[in-house]
Amino acid sequence: MIKLQDIRDTARDMLAKGEARAVIGYRRGSRGMLAEPAFLTRPEEADELVWDPTCFHNLSLYLVHDRKHLAHARKTAGAPVAVIAKGCDARSIVVLLQEHYFQREDVYIIGVSCEGTGVVDERKLAGHLNGAQAISAAFDGDDFVFTTAEGEKRLPAREVMADRCLECCSPFPKEHNLAFGEDKTGRQLEAPFAALDRFEAQGAGERWDNWARHFDRCIRCFACRSVCPMCYCDECVVDSITFPVTTATTAEEKASRIRWIERSAARSENITYLMTRAMHLAGRCTDCGECDRACPVNVPIRLLNNKMEKEAREQFGFEPGASIGGPSLVASFLDNDPGNFIR
Amino acid sequence: MSEQQDYEPRVVAFLCKWCSSAGSDLAGVSRIQYPANATPITVPCTGAISPMYILSAFNKGADGVLVSGCHIGDCHYLEGNYLARRKMYLIMKLLEFIGVEQNRFRMSWVSAAEGAKFAQVITDFVGDLQQLGPQDKLKRAENK
Ligand code: SF4
Ligand code: SF4
Ligand code: SF4
């Protein structure tokens, strides 16, 4: 069981000794029970930190932001940034290191194990609270305990946990400088890819009917892209910033530019966006679940990413975020990669 | 429906310049008869094909997309076709996953000496696409 005090003490210590430029963690948010990302730079702020089942954010996103900020301000890093990372978050950091986004010494990973549980899925929880609002959430063994206006509500974690946490077999952050909680690597609450397998069991026609509805709903808010630590491109292929349209841009110039995708939220464009994104994340997505959670219209983005992860694992023996020195999925190959689909 | 009868599948064919593109030339100079439904786009190597090309071709109205390159071991750049094999496998699976008919995407190895094979690949592909009818799942509305 993780003791919050240990996390707070570590943060306070590191900041007091100047071992970290900042500590990125979680604190109580302003919306109900939800935690929110916290950026601490002073030791006395350490007591703001929390650790509970609503700490779902993948904080490695802010390591990327920090990098971009430094580059923009032409500053060098100096002391590392310490970051609290769950199993999946730590794997995201490994992918970023693999891609040389920053160096290992630039980040101090305070690993937190999800042990026997994981984070809560708000949509699942809503079904259990009968309209009541939870104002706090806590881990307690295999249960989550929620406080609502009507009192305390104890629920088996399994019933309200995010699918990805149920399917996760490595809730322990293997790559870390310091880790709290028990290493439960290999645990299995539900089979890997269980949700994906349920979806894939349908026929092609049904799958299309489902996806057509989902793709129609997408409003191209790009929340999925903004929240993803792997979507760090300065220029995204779906909206060009290199060639901004100004009043001086002629019609001819506009017409001659390559536009892979239109910005309009039409089904065909949404498909191209979401499929391209899934391809760009193949072998890089560590199933932190943030894109899926952030989507305001519940597009099941996780299924697309999971499909790539499953193919990568089964066909190419590839695990995203497994090792810093490892190859990338699409920039490597094996002699015996499947080829019998080729005529 | 007459529209259905008039349907001629539009194939976008990404051909490696070192092999399949030359193979298609050979099919031509050898006067092998095959359907004229494919729009060839020559690329330096199949390894240079981004999955985005495939999606974009469908988005702009292709009924089928073909990727054709050098046999394994024959890549001019040594490993481009190995990389393509992986990437194309993934995009193929993703298309299948969202419910796009399997026969709309195809990959083949056709060397510069295989003019007859090139003609056969196109003939088979066009035949399969004829069965499927027009592709409108991924097509941009203004191209419909
Ligand atoms: S694609 Fe989604 S689940 Fe994967 S790393 Fe990005 S935010 Fe996390
Ligand atoms: S969708 Fe692709 S191009 Fe766009 S930010 Fe993500 S990885 Fe980069
Ligand atoms: S999938 Fe969801 S989060 Fe992503 S752009 Fe569409 S509406 Fe926004």
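A: Let us begin with ligand 3, which has 13 residues around it, and C218(A), C221(A), F222(A), C224(A) and C295(A) come nearest (a residue counts as near when one of its heavy atoms lies within 4 Å). The model is a predicted one: local features need pLDDT of at least 70, side-chain atom pairs count only at pLDDT 80 or more, and totals for chains, interfaces and linings use all residues, while side-chain values use heavy atoms, with hydrogens and water left out. Residues are numbered from 1 along each chain as its sequence is written, and chains are lettered from A and ligands numbered from 1 in the order in which they are written.

What kind of residues form the shell around ligand 3? By class, this shell has 12 nonpolar, no polar and 1 charged residues (Ala, Val, Leu, Ile, Met, Phe, Trp, Tyr, Cys and Pro are nonpolar; Asp, Glu, Lys and Arg are charged; the others, Gly among them, are polar).

Ligand 3 sits in the second largest cavity (more than half of a molecule's atoms must lie within 2 Å of the grid points of a cavity or pocket). On a 1 Å grid over the protein atoms alone, a cavity is a set of points where a 1.4 Å probe fits but cannot get out; a pocket is an open set with protein on both sides within 12 Å along at least five of seven lines; and lining residues have an atom within 4 Å of a point. The second largest cavity holds about 90 Å³ of space (grid points are joined across faces, edges and corners, and the volume is the space filled by probe spheres set on them). Its lining has 14 residues, and those closest to its centre are C218(A), C221(A), C224(A), C295(A) and V299(A). Helix 9 (223-226) and helix 11 of chain A are the elements that give two or more residues to this lining (helices are DSSP runs of H or I, at least four residues, numbered from the N terminus). The lining divides into 13 nonpolar, no polar and 1 charged.

Now step across to ligand 1. The space it takes is the largest cavity, which holds about 130 Å³. This cavity has 17 lining residues, and nearest its centre lie C285(A), C288(A), G289(A), C291(A) and N305(A). By class, the lining has 7 nonpolar, 5 polar and 5 charged residues.

The shell of ligand 1 includes R277(A), C285(A), D287(A), C288(A), E290(A) and N305(A). Helix 11 and helix 12 of chain A each give at least two residues to it, and the shell has 5 nonpolar, 3 polar and 3 charged residues.

Helix 3 (87-98), helix 6 (163-166) and helix 13 (301-316) of chain A are the elements that give two or more residues to the lining, and the largest share, 5 residues, is from helix 3. The lining of this pocket splits into 15 nonpolar, 8 polar and 12 charged. Domain 1 (1-190) and domain 2 (193-317) of chain A each contribute at least three of its residues (the bounds come from an automatic or database domain assignment).
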